[in-house]
Structure formats: C-alpha cells, structure tokens
Amino acid sequence: MRKLSRALALTAIAGLGGCMWAPGQYMSPKQFAPGKTIEDGHIQLVTITPQFLASEHAASAAAALPTELLSYQPEPYRIGAGDTLYITIWDHPELTSPAGTQQQPAANGRLVRPDGTLFYPYVGVVEARGKTIEELRTIITQRIARVVESPQVDVSIIDYGSQRVTLQGAFVKTDRQPITATPLTLSQAIGAATVDPLRADLSGLVLTRAGRQYRLDLDALNRGDSNAPDIYLKAGDHLFLPYNDRKEVYVVGEVMRPQALNFKTTDMTLTQALGRVGGLNPQTSKGEAVYVIRGVEDMQQKPATIYHLNAKSPASYALASQFAVRPGDVVFVGPAGVTRWNRFVNQLLPLSNVINNAANTQDLLGR
C-alpha cells in the first residue's frame with residue numbers, strides 16, 4: 001500500500017507540474033527573441049529599449065490644428081429669425097417703450113419673426129434677417145424721419161435666438177450657447193459648459209462643422225507651456241466631448257491592485273499605469289517579466305504585439321516613463337520563480353492529504 005501511495009503522489013506531482021506550465025500561465029522573455037513572431041505570425045515580441053522609444057517618438061506627429069479652423073475669422077453679426085431687438089428713438093419714449101418705461105427691456109423688445117421681418121411704428125414691416133445692426137439702424141432712421149425730425153436711432157440685440165452652438169457629452173452644462181455680436185471661441189464655449197473632470201476624455205473632442213468632423217486633442221494642445229490658439233465658432237457648430245469609460249488599460253498579474261484604469265488625457269505612461277495599481281508586488285513579481293499586450297482584438301487583420309520591459313533595475317523605469325500605453329492595452333506582470341513554486345506546493349498539499357487519507361483507508365481495509 002505504501003508503494004501505491006508513492007505512485008499516486010508521483011502521478012499527482014507530474015499532473016500538477018503539467019498544469020503549472022500549461023500554455024498561457026507563464027511567459028518567459030527567454031522564450032522569444034526580440035522581434036520574433038510566434039504562433040503563425042499572430043503575435044510579435046518587441047523589447048522596450050532606448051532605441052525603440054527614440055524611433056517611436058520620431059514617428060509620432062505633433063498635435064496640430066486644421067488650417068481651415070485657424071484661418072476662420074467671424075464676420076460682423078447678422079440678425080436672424082428669433083433674435084429680439086431693442087430699438088431706441090431718443091426723446092420719444094412712446095416709441096421706444098410703448099409698454100412703459102418701468103417694464104423690463106424684453107417687454108419692449110421687437111422679435112424678429114420666422115420670416116425674418118419685424119414691425120415698428122411709423123416704419124412698418126422691415127426685413128431684418130441677414131442685416132447687420134448698423135444696416136438695420138440706417139433703414140429705420142431713413143423711414144422714421146418722415147414723422148420724426150432728425151431722429152436719433154439706436155438698435156441693440158437683447159436676446160440672441162437665431163445662431164447657436166450645441167454641446168453634448170462629458171460637460172457639466174450642455175445648454176446651447178448663442179453666437180452673439182461678440183465672437184465666441186472654442187475655449188470660451190468649453191469654459192462655459194464646464195468639463196466633467198472625472199469622466200471626460202480630454203483627448204477626444206470632436207467639432208462638427210458643415211458635416212465635417214474635426215478631432216481635437218485638448219490635452220496635447222495645452223500640454224506643458226503651450227496653449228492652443230483660439231478657434232472661433234460658427235452658428236450650427238456641434239461640440240462632442242466623449243466619456244472616458246471606454247478608454248481603459250487593464251493591469252493584471254503580480255501587481256498590488258490589479259484593475260482596469262481609466263484615463264482622460266492623450267496617453268498614460270507605463271510607469272503611471274503601474275503606479276496607479278500600487279506597483280509590482282515585491283514578494284511575488286518577477287521584475288524582468290513586465291509586458292504590454294496590444295492589438296489582440298484585431299489579430300485577424302494584423303499581428304498583435306507584446307512589448308517587453310526588463311524592470312529589474314530602477315533605471316528601467318526611465319524607459320517605462322517614456323512608453324505610452326493605449327486604450328485596450330493589457331499590462332501583465334509575471335510571477336517570480338519562488339512564487340510559482342509556492343503556488344505549486346499550495347496546490348500539492350491538499351491533494352497529498354487526500355492521497356494519505358486514501359492510503360490509510362486501504363491499510364484499514366487490508367487489516
């Protein structure tokens with residue numbers, strides 16, 4: 001019976017060893033050579049080195065704004081249907097404020113009707129749409145001069161209802177913003193809407209104008225000492241700021257707090273990703289087995305890439321600080337040899353107890 005017990009134990013060890021070294025449970029950098037492709041070309045391994053980072057930085061283009069956005073300069077404001085005008089005829093309050101001088105200006109305002117016209121006493125129906133404030137003032141002055149001697153006319157807009165910019169996405173306030181006589185810039189519109197600081201993806205703002213979409217990386221444009229130049233908005237522009245709930249990096253393996261990380265900026269470095277999960281587990285991790293797995297979701301179109309970092313020395317974190325992870329990346333930290341052995345023993349001990357109990361039962365039955 002003791003021979004049977006030893007045989008069962010050896011079989012169990014062999015079986016557990018096979019499980020421990022099963023494909024996918026551990027990956028060693030010694031298995032691959034830099035740039036080598038494995039599994040029929042579906043995966044390639046790239047070592048993170050200073051030379052590799054230099055080539056990556058040289059290939060990346062600096063954030064730039066489209067020329068057509070920068071070159072646009074707003075014209076003088078033109079009145080539109082839905083605007084409310086306040087027309088003043090000096091020394092003639094009966095014309096300026098027919099509802100009474102104690103009323104709010106809006107009560108004495110003149111609404112531009114949907115057909116673009118408005119009515120004013122002794123002037124009649126005037127085509128206001130498409131005209132500047134000065135052009136409309138001139139027309140009213142000429143017509144009212146028939147009944148008012150040397151009229152002094154002033155025209156102002158007290159409510160802009162015709163030309164607006166719409167906003168959607170990760171803003172605190174998504175109310176439509178009017179285009180007024182004072183040109184509206186992109187930064188002013190974003191400031192008034194207030195970016196949601198926790199959920200917004202600052203690198204993914206989309207400005208839609210006349211059916212064309214412009215992707216603007218606010219983070220890159222305002223990074224460091226640089227400030228993005230002003231972009232003037234047009235009536236009908238649409239701003240969409242995406243949420244960062246789909247912009248995730250997954251950090252797994254031998255780290256202190258494995259989790260999915262959201263980020264709202266242009267990129268996140270490997271150092272930042274490891275830092276946000278508490279770093280490598282000092283008892284269980286293997287410093288030379290830090291990997292970034294990229295492109296797994298699109299392996300049918302092109303090979304996935306595994307980037308390898310040997311993080312055994314503090315100097316390696318200088319490389320990690322220059323390596324940018326991307327949404328969808330999986331950061332994996334492999335286990336140290338002693339960790340694999342401890343897990344093997346922890347798997348073996350419960351089974352050895354089962355074997356011993358079985359052997360003792362056989363002894364009792366043999367008696």
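**Entry 1: strand β3**

I started with strand β3, residues 84–89, in this predicted model. All 6 of its 6 residues are buried, so I note β3 as largely enclosed by the rest of the structure. I then checked which way the side chains point. Thr84, Tyr86 and Thr88 face one way from β3. Leu85, Ile87 and Ile89 face the other way. Both sets are buried.

Next I looked up the partners of β3. With strand β4, residues 110–111, β3 pairs in the antiparallel sense over 2 bridges. Thr84 has Leu111 as its bridge partner in β4. With strand β7, residues 153–159, the pairing of β3 is also antiparallel. I count 6 bridges there. Ile89 is bridged to Val153 in β7.

I checked confidence before going on. The protein chain has an average pLDDT of 81, and 75% of the residues score at least 70. Strand β12, residues 238–241, has the highest confidence, at 97. Helix α1, residues 2–20, has the lowest, at a mean of 38. Residues 1–26 have a pLDDT below 50, and I note 26 contacts in the model between this stretch and residues beyond near neighbours in sequence. Residues 33–40 are also below 50, with 13 such contacts.

**Entry 2: the whole chain**

I took the overall figures next. The protein chain holds 10 helices and 19 strands. Of its 367 residues, 40% are buried. I also looked at contacts between residues at least 6 apart in sequence: 63% of them join residues at least 24 apart. The accessible surface is about 20,800 Å², and carbon and sulfur atoms account for 54% of it.

**Entry 3: the open sheet around β12**

Which strands sit at the edges of the five-strand sheet? I first wrote down the order, β9-β8-β12-β10-β11. The sheet is open and its pairing is mixed. The edges are β9 (177–178) and β11 (212–216), each pairing on one side only.

I then went through the pairs. Strands β8 and β9 run antiparallel and are joined by 2 bridges. Arg164 has Pro178 as its bridge partner in β9. Strands β8 and β12 run parallel, with 4 bridges between them. Here Thr166 stands opposite His238 in β12. Strand β10, residues 205–209, runs antiparallel to β12 and is joined to it by 3 bridges. Leu207 is opposite Leu239 in β12.

**Entry 4: helix α6**

I looked up which residues of helix α6, residues 186–193, are buried. They are Leu186, Ala189, Ile190 and Ala193. They span an arc of only 95° around the axis, which puts them on the same side of α6.

Just after α6, I found Thr194 with a positive phi of about 65°.

**Entry 5: the nonpolar cores**

I turned to the largest nonpolar core, which has 25 residues. Val251, Leu270, Leu274, Phe323, Val325 and Val331 touch the most other members. Elements that each supply at least two residues include α2 (50–59), β13 (248–253), α8 (270–276), β16 (285–294), β17 (304–309) and β19 (330–335). The largest share, 3 residues, comes from α8.

I followed up Val251. Setting aside neighbours within four places in sequence, Val251 contacts Pro258, Gln259, Leu261, Ala273, Leu274, Val277 and Val331.

**Entry 6: Tyr250**

Last, I looked at Tyr250, in strand β13. Its relative accessibility is 34%, so I count Tyr250 as partly exposed. Not counting residues up to four places away in sequence, Tyr250 touches Gln259, Ala260, Gly328, Asp329, Val330 and Val331. I also checked Tyr250 against Val292: the two are 42 residues apart in sequence. In space their C-alpha atoms are 9.6 Å apart.

Note on methods. Residues are numbered from 1 along each chain as its sequence is written. This is a predicted model: local features need pLDDT of at least 70, side-chain atom pairs count only at pLDDT 80 or more; totals for chains, interfaces and linings use all residues. Side-chain values use heavy atoms; hydrogens and water are left out. pLDDT is the predictor's confidence in each residue, from 0 to 100. Contact means heavy atoms within 4.5 Å. A nonpolar core is a set of buried Ala, Val, Leu, Ile, Met, Phe, Trp, Tyr and Cys residues joined through side-chain atoms within 4.5 Å. Buried means under 20% relative accessible area, exposed over 50%, partly exposed in between (1.4 Å probe, protein chains only). Two strands pair if DSSP finds at least two bridges between them. Accessible areas come from the Shrake-Rupley method with a 1.4 Å probe; for residues, only the protein chains shown count as cover. The arc is that of the directions from the helix axis to the C-beta atoms.
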